[in-house]
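Biologist: I have the model open and would like to go through it with you, one spot after another. Could you keep the answers plain?

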Amino acid sequence: MSLPAVEFRPPQAGDVAALVPRLRAADLAECDALVGPGNAERAIAASLRNSVHAWTVWAGSDVVCVLGVTALNLLGGIGAPWMMGTPLVDRHRGALMRAAPSYIAAMLATFPHLRNVVDARNTRSIAWLRRMGFQIHAPVPVGVASLPFHPFSLDVSDVS
């Protein structure tokens, strides 16, 4: 049985509500560490509202992930890429990895410098970021829980 193709769509009302109950355990733990337990839906909705570019990825009628980039410093051209996913991210890893360069390029076209943090416990996301060309930096305490998070970065000059 073949997997349904993934489709990147503009975010719609209800996407976050569809995503949050199905979040990967590591993504939920990351949200909890950053903004406190029980605040994932509000935090993801705020990230989506504040994103300059954002997409929801679907496989058939199932939400796979929501991703985007928010402005950290418009004048400095610094954006914060983010993604929160369901376990379907792992099932559709190949399709997501093939599509990722074009979405990262769209982010870099607006923000020549991409910066954010990833929970040090989230080893799959760290590995994915590395494969996508992001530099992973030494962990620092971040968020309401002051847990170790790795800052990560990618500059347009890194991919040119």
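This is a predicted model: local features need pLDDT of at least 70, side-chain atom pairs count only at pLDDT 80 or more; totals for chains, interfaces and linings use all residues.

Biologist: Where does Ser 146 lie?

Modeller: Ser 146 sits in the loop between strand E7, residues 140-142, and strand E8.

Biologist: And what is the phi of Ser 146?

Modeller: The phi of Ser 146 is positive, at about 50 degrees, although the residue is not a glycine. As background, most residues other than glycine have a negative phi.

Biologist: Moving on into the strand, why does Phe 149 count as buried?

Modeller: Phe 149 belongs to strand E8, which covers residues 147-155, and the residue counts as buried because its relative accessibility is 0%, where the class takes anything under 20%.

Biologist: Which residues does Phe 149 touch, if I ignore those up to four places away in sequence?

Modeller: With those left out, Phe 149 touches Glu 30, Ala 33 and Leu 34, then Val 117, Val 118, Asp 119 and Ala 120, and finally Ala 138, Pro 139, Val 140 and Val 142. Asp 119 is also the bridge partner of Phe 149, within a pairing of E5 and E8 that is antiparallel and extends over seven bridges.

Biologist: How far is Phe 149 from Val 35?

Modeller: The two are 114 residues apart in sequence, and their C-alpha atoms are 13 Å apart in space.

Biologist: Let's change topic to helix H2; what does the side chain of Asp 27 reach?

Modeller: Asp 27, which is found in helix H2, has a side chain that reaches the backbone nitrogen of Gly 85 at 2.7 Å. Asp 27 is buried, with a relative accessible area of 1%, and, neighbours within four places in sequence aside, the residue is in contact with Met 83, Met 84, Gly 85, Asn 122 and Ser 125.

Biologist: Which residues does Asp 32 contact, leaving out its neighbours within four places in sequence?

Modeller: Asp 32 also lies in helix H2, and on that count the residue is in contact with Pro 37, Gly 38 and Val 144. The C-alpha atom of Asp 32 is separated by 9.7 Å from that of Ala 43, eleven residues away along the chain.

Biologist: Now the sheet: why is E4 described as largely enclosed by the rest of the structure?

Modeller: Strand E4 is largely enclosed because six of its eight residues are buried.

Biologist: How does E4 run against E3, parallel or antiparallel?

Modeller: E3 and E4 run antiparallel and are joined by eight bridges, one of which pairs Val 66 with Met 84 in E4. The two strands form a hairpin with four residues between them, and Gly 77 in the turn has a positive phi of about 70 degrees.

Biologist: And how many bridges join E4 to E5?

Modeller: Two bridges join E4 to E5, and these strands run parallel; there, Ile 78 has His 113 of E5 as its bridge partner.

Biologist: What about Thr 56, which side chain makes a polar contact with it?

Modeller: The side chain of Asp 15 does, in a polar contact of 2.6 Å with the side chain of Thr 56. Thr 56 is placed in strand E2, residues 51-59, and counts as buried at 0% relative accessibility.

Biologist: Last topic, the largest pocket: how much space lies in it?

Modeller: The largest pocket holds about 790 Å³ of space. Its lining is made up of 41 residues, and the closest to the pocket's centre are Glu 30, Pro 81, Trp 82, Met 83 and Met 84.

Biologist: Which element gives the most to that lining?

Modeller: Helix H5 gives the most to the lining of the largest pocket, with seven residues, while the elements that give two or more also include helix H2, strand E3, strand E4 and strand E5.

Biologist: How do the lining residues divide into nonpolar, polar and charged?

Modeller: In the lining of the largest pocket, 29 residues are nonpolar, five are polar and seven are charged.

Key. Residues are numbered from 1 along each chain as its sequence is written. Side-chain values use heavy atoms; hydrogens and water are left out. On a 1 Å grid over the protein atoms alone, a cavity is a set of points where a 1.4 Å probe fits but cannot get out, and a pocket is an open set with protein on both sides within 12 Å along at least five of seven lines; lining residues have an atom within 4 Å of a point. Grid points are joined across faces, edges and corners, and a volume is the space filled by probe spheres set on the points. Ala, Val, Leu, Ile, Met, Phe, Trp, Tyr, Cys and Pro count as nonpolar, Asp, Glu, Lys and Arg as charged, and the others, Gly among them, as polar. Buried means under 20% relative accessible area, exposed over 50%, partly exposed in between (1.4 Å probe, protein chains only). Contact means heavy atoms within 4.5 Å. A polar contact is a pair of N or O atoms within 3.5 Å; within protein, one must be able to donate a hydrogen and the other to accept it, and residues adjacent in sequence count only if both atoms are side-chain atoms. Two strands pair if DSSP finds at least two bridges between them.
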